[in-house]
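Subject: Structure handover

Hello,

Here is the structure I promised you. Please open it and keep it in view while you read my notes below.

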Amino acid sequence: MNLEKEYQGTVLKIDDIPYPFDILSTFLTKQEIKVLVAWDGEEGIQIAEQAQPNVILLDFMMPGMNGFEVYQVLKLKEMTKNIPIIFMLSREDAKWKNFPQQVLELEYVIKPFQPEEVWERVKNHLKPL
């Protein structure tokens, strides 16, 4: 994979578990992409409002607010409604009895993922240099 610096921007990751995002975060920082991290939905909403990232990587299963609830709040707020969101789903998430099928109509990746796979989606929302 070409690691030349071709894009710039900020990615916000909202997930209560570091792995496997820590691998992706390392990959993104090598691309000179700024990476912000929130460990729960409420913190993620606050950071999104303040930092205005280019894209949000949002875990679906989290304690407190799940990813779809966070998504709904972000899409209702004027400051965050246009920020692209990529869901990070495990294969088990879709089996969850209350899983909102609308999520599958949105942009998502299935965990475990390869950093290059997520990069291909993320860079579509970043600014070319």
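First, a definition: rings of Phe, Tyr and Trp (its six-membered ring) pair if their centres lie within 6.5 Å; planes under 30 degrees apart count as stacked, over 60 as edge-to-face and the rest as tilted. Searching the whole structure turns up five aromatic pairs.

Some ground rules. This is a predicted model, where local features need pLDDT of at least 70, side-chain atom pairs count only at pLDDT 80 or more, and totals for chains, interfaces and linings use all residues. Residues are numbered from 1 along each chain as its sequence is written, and side-chain values use heavy atoms, with hydrogens and water left out.

**Aromatic rings**

Take Phe27 and Trp119. Their ring centres are 6.3 Å apart and their planes stand at 65 degrees, so the pair is edge-to-face. Phe27 is in helix α1 (residues 21-30) and Trp119 in helix α4 (residues 115-122), so the pair ties together parts 92 residues apart in sequence. (Helices, H or I, of at least four residues and strands, E, of at least two are DSSP runs, numbered from the N terminus.) Phe27 is buried, with a relative accessible area of 11%. Trp119 is buried too, at 4%. (Buried means under 20% relative accessible area, exposed over 50%, partly exposed in between, with a 1.4 Å probe and protein chains only.) Elsewhere, Phe60, Phe68, Tyr71 and Phe87 make up one aromatic cluster.

**Strand β5**

Is β5 enclosed or open? Five of the six residues of β5 (residues 85-90) are buried, so the strand is largely enclosed by the rest of the structure. Strand β4 (residues 55-59) pairs with β5 in the parallel sense, over four bridges. (Two strands pair if DSSP finds at least two bridges between them.) Leu58 stands opposite Phe87 in β5. Strand β6 (residues 108-111) also runs parallel to β5, joined by four bridges. There, Leu89 stands opposite Ile110.

**The core**

The largest nonpolar core has 20 residues. (Such a core is a set of buried Ala, Val, Leu, Ile, Met, Phe, Trp, Tyr and Cys residues joined through side-chain atoms within 4.5 Å.) Leu58 and Phe87 are among its residues with the most contacts inside it. Helix α3 gives the most to this core: four residues.

**Ile83**

Ile83 sits in the loop between α3 and β5. Ile83 is buried, with a relative accessible area of 5%. Its C-alpha atom is 5.9 Å from that of Val55, 28 residues away along the chain.

Best wishes
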